[in-house]
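Here is a short report on one protein model. Keep the sequence and the 3D view open while reading.

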Amino acid sequence: MFKRIHHINFIVRDLDVAARRFGQLLNMPPRPVEQLPQRGVAVVRFRLGETWLVLVQPLDADSVPGRYLAEHGEGFFLMSCQVDDLASSAEALVARGFDFVNPEARAGLDDWRVMDVNPDGLFGIPFQLVESQADAADTGPAPLT
(Lines give C-alpha, C1' and ligand atoms only; values in the text may rest on other atoms or scores of the structure.)
Protein backbone atom coordinates (compact mmCIF):
# COMPACT_ATOMS: atom_id res chain seq x y z
CA MET A 1 0.00 0.00 0.00
CA PHE A 2 2.59 2.64 1.05
CA LYS A 3 5.21 3.35 -1.62
CA ARG A 4 7.33 6.09 -0.09
CA ILE A 5 7.32 9.31 1.87
CA HIS A 6 5.92 11.67 -0.73
CA HIS A 7 6.21 14.96 1.12
CA ILE A 8 6.87 16.47 4.51
CA ASN A 9 5.30 19.84 5.34
CA PHE A 10 6.72 22.43 7.68
CA ILE A 11 4.57 25.36 8.73
CA VAL A 12 6.18 28.81 8.83
CA ARG A 13 5.13 32.37 9.52
CA ASP A 14 7.22 34.01 6.76
CA LEU A 15 7.50 31.95 3.59
CA ASP A 16 10.06 34.21 1.90
CA VAL A 17 12.48 34.07 4.83
CA ALA A 18 11.99 30.31 5.28
CA ALA A 19 12.45 29.60 1.55
CA ARG A 20 15.72 31.54 1.45
CA ARG A 21 17.03 29.82 4.58
CA PHE A 22 16.09 26.31 3.43
CA GLY A 23 17.56 27.12 0.01
CA GLN A 24 20.85 27.90 1.76
CA LEU A 25 20.61 24.75 3.86
CA LEU A 26 19.81 22.47 0.90
CA ASN A 27 22.07 24.35 -1.54
CA MET A 28 19.29 24.62 -4.12
CA PRO A 29 16.86 27.27 -5.24
CA PRO A 30 13.26 26.92 -4.12
CA ARG A 31 10.52 26.50 -6.66
CA PRO A 32 8.29 29.53 -7.15
CA VAL A 33 5.66 30.30 -4.54
CA GLU A 34 2.42 28.42 -5.20
CA GLN A 35 -1.04 29.22 -3.86
CA LEU A 36 -3.57 26.73 -2.55
CA PRO A 37 -6.57 29.01 -2.04
CA GLN A 38 -8.84 26.13 -0.99
CA ARG A 39 -6.49 25.57 2.00
CA GLY A 40 -5.73 29.26 2.59
CA VAL A 41 -1.96 28.82 2.18
CA ALA A 42 1.05 29.74 0.09
CA VAL A 43 3.76 27.09 -0.32
CA VAL A 44 7.30 26.65 -1.57
CA ARG A 45 8.65 23.21 -2.45
CA PHE A 46 12.09 21.67 -2.64
CA ARG A 47 12.66 18.27 -4.27
CA LEU A 48 14.95 15.95 -2.29
CA GLY A 49 15.33 12.76 -4.30
CA GLU A 50 11.85 11.26 -4.43
CA THR A 51 10.52 13.35 -1.54
CA TRP A 52 9.19 16.89 -1.46
CA LEU A 53 10.00 19.23 1.40
CA VAL A 54 7.12 21.73 1.51
CA LEU A 55 7.12 25.01 3.42
CA VAL A 56 3.58 26.19 4.20
CA GLN A 57 2.55 29.71 5.19
CA PRO A 58 -1.08 30.13 6.26
CA LEU A 59 -2.77 33.13 4.64
CA ASP A 60 -5.99 32.67 6.60
CA ALA A 61 -5.76 32.48 10.40
CA ASP A 62 -9.03 30.54 10.50
CA SER A 63 -7.89 27.83 8.06
CA VAL A 64 -6.73 24.42 9.31
CA PRO A 65 -3.05 25.41 8.75
CA GLY A 66 -3.66 28.82 10.35
CA ARG A 67 -5.14 27.27 13.47
CA TYR A 68 -2.34 24.69 13.58
CA LEU A 69 0.30 27.45 13.46
CA ALA A 70 -1.47 29.39 16.22
CA GLU A 71 -1.66 26.30 18.45
CA HIS A 72 1.69 24.61 17.75
CA GLY A 73 3.97 27.32 16.34
CA GLU A 74 6.39 26.86 13.47
CA GLY A 75 7.85 23.47 12.63
CA PHE A 76 6.65 20.06 11.53
CA PHE A 77 3.13 20.17 10.07
CA LEU A 78 2.46 16.80 8.41
CA MET A 79 3.91 13.80 6.63
CA SER A 80 2.34 12.33 3.52
CA CYS A 81 2.90 8.84 2.14
CA GLN A 82 2.27 7.99 -1.48
CA VAL A 83 -0.09 5.16 -2.33
CA ASP A 84 -0.98 3.63 -5.70
CA ASP A 85 -4.73 3.90 -5.23
CA LEU A 86 -6.09 6.41 -2.74
CA ALA A 87 -9.59 4.95 -2.48
CA SER A 88 -8.53 1.35 -1.88
CA SER A 89 -5.78 2.43 0.54
CA ALA A 90 -8.28 4.47 2.53
CA GLU A 91 -10.70 1.54 2.59
CA ALA A 92 -7.94 -0.75 3.87
CA LEU A 93 -7.08 1.69 6.67
CA VAL A 94 -10.73 2.09 7.65
CA ALA A 95 -10.98 -1.72 7.84
CA ARG A 96 -8.01 -1.60 10.24
CA GLY A 97 -9.73 0.91 12.52
CA PHE A 98 -8.53 4.27 11.18
CA ASP A 99 -10.72 7.13 10.06
CA PHE A 100 -10.16 10.26 8.00
CA VAL A 101 -10.59 13.96 8.57
CA ASN A 102 -11.81 14.28 4.97
CA PRO A 103 -13.65 11.12 3.88
CA GLU A 104 -13.41 12.25 0.25
CA ALA A 105 -10.12 13.01 -1.51
CA ARG A 106 -9.27 16.67 -1.97
CA ALA A 107 -6.99 18.34 -4.48
CA GLY A 108 -3.44 19.28 -3.56
CA LEU A 109 -0.61 20.64 -5.68
CA ASP A 110 -0.12 19.41 -9.24
CA ASP A 111 -2.13 16.19 -9.61
CA TRP A 112 -1.89 15.33 -5.91
CA ARG A 113 -5.08 13.89 -4.41
CA VAL A 114 -4.91 13.67 -0.63
CA MET A 115 -6.76 12.30 2.38
CA ASP A 116 -5.87 13.19 5.97
CA VAL A 117 -5.86 10.38 8.53
CA ASN A 118 -7.53 11.50 11.76
CA PRO A 119 -4.60 12.46 14.04
CA ASP A 120 -6.61 11.45 17.13
CA GLY A 121 -5.85 7.83 16.24
CA LEU A 122 -2.14 8.54 15.63
CA PHE A 123 -1.01 10.18 18.88
CA GLY A 124 -1.81 13.63 17.44
CA ILE A 125 0.59 13.20 14.51
CA PRO A 126 -0.71 14.69 11.23
CA PHE A 127 -0.45 11.97 8.56
CA GLN A 128 -1.77 11.97 5.03
CA LEU A 129 -2.17 9.67 2.05
CA VAL A 130 -1.40 11.03 -1.41
CA GLU A 131 -1.95 9.67 -4.89
CA SER A 132 0.14 11.22 -7.66
CA GLN A 133 1.28 10.03 -11.03
CA ALA A 134 2.90 13.14 -12.51
CA ASP A 135 5.73 13.92 -10.12
CA ALA A 136 7.61 10.59 -10.18
CA ALA A 137 9.98 11.78 -12.92
CA ASP A 138 10.39 15.33 -11.55
CA THR A 139 13.69 15.62 -9.69
CA GLY A 140 13.60 19.40 -9.28
CA PRO A 141 16.32 21.99 -9.85
CA ALA A 142 20.02 21.22 -9.67
CA PRO A 143 21.96 22.26 -6.56
CA LEU A 144 23.45 25.75 -6.51
CA THR A 145 27.11 25.99 -7.44
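## Exposure and the model

Buried means under 20% relative accessible area, exposed means over 50%, and partly exposed lies in between. The model is predicted.

I125 has a relative accessibility of 43%, so I125 counts as partly exposed. I125 sits in the loop that links β7 (113-117) and β8 (127-131).

Eight strands make up an open sheet with mixed pairing. Their order is β2-β3-β4-β1-β5-β8-β7-β6. β2 (34-36) and β6 (106-107) are the edge strands; each has a single partner strand, so one side of each lacks a neighbour in the sheet.

Strand β5 (residues 75-83) and β8 run parallel, joined by four bridges. M79 faces F127 of β8. Strands of a sheet pair through backbone hydrogen bonds, parallel or antiparallel.

K3 belongs to strand β1 (residues 2-11). Its relative accessible area is 49%, so K3 is partly exposed.

Which residues does K3 contact, leaving aside its neighbours within four places in sequence? They are Q82, V83 and D84. With D84, the link is between side chains: a polar contact of 3.0 Å. D14 is another matter. K3 and D14 are eleven residues apart in sequence, yet their C-alpha atoms are 32 Å apart in space.

Methods. Residues are numbered from 1 along each chain as its sequence is written. This is a predicted model: local features need pLDDT of at least 70, side-chain atom pairs count only at pLDDT 80 or more; totals for chains, interfaces and linings use all residues. Side-chain values use heavy atoms; hydrogens and water are left out. Helices (H or I, at least four residues) and strands (E, at least two) are DSSP runs, numbered from the N terminus. Buried means under 20% relative accessible area, exposed over 50%, partly exposed in between (1.4 Å probe, protein chains only). Contact means heavy atoms within 4.5 Å. A polar contact is a pair of N or O atoms within 3.5 Å; within protein, one must be able to donate a hydrogen and the other to accept it, and residues adjacent in sequence count only if both atoms are side-chain atoms. Two strands pair if DSSP finds at least two bridges between them.
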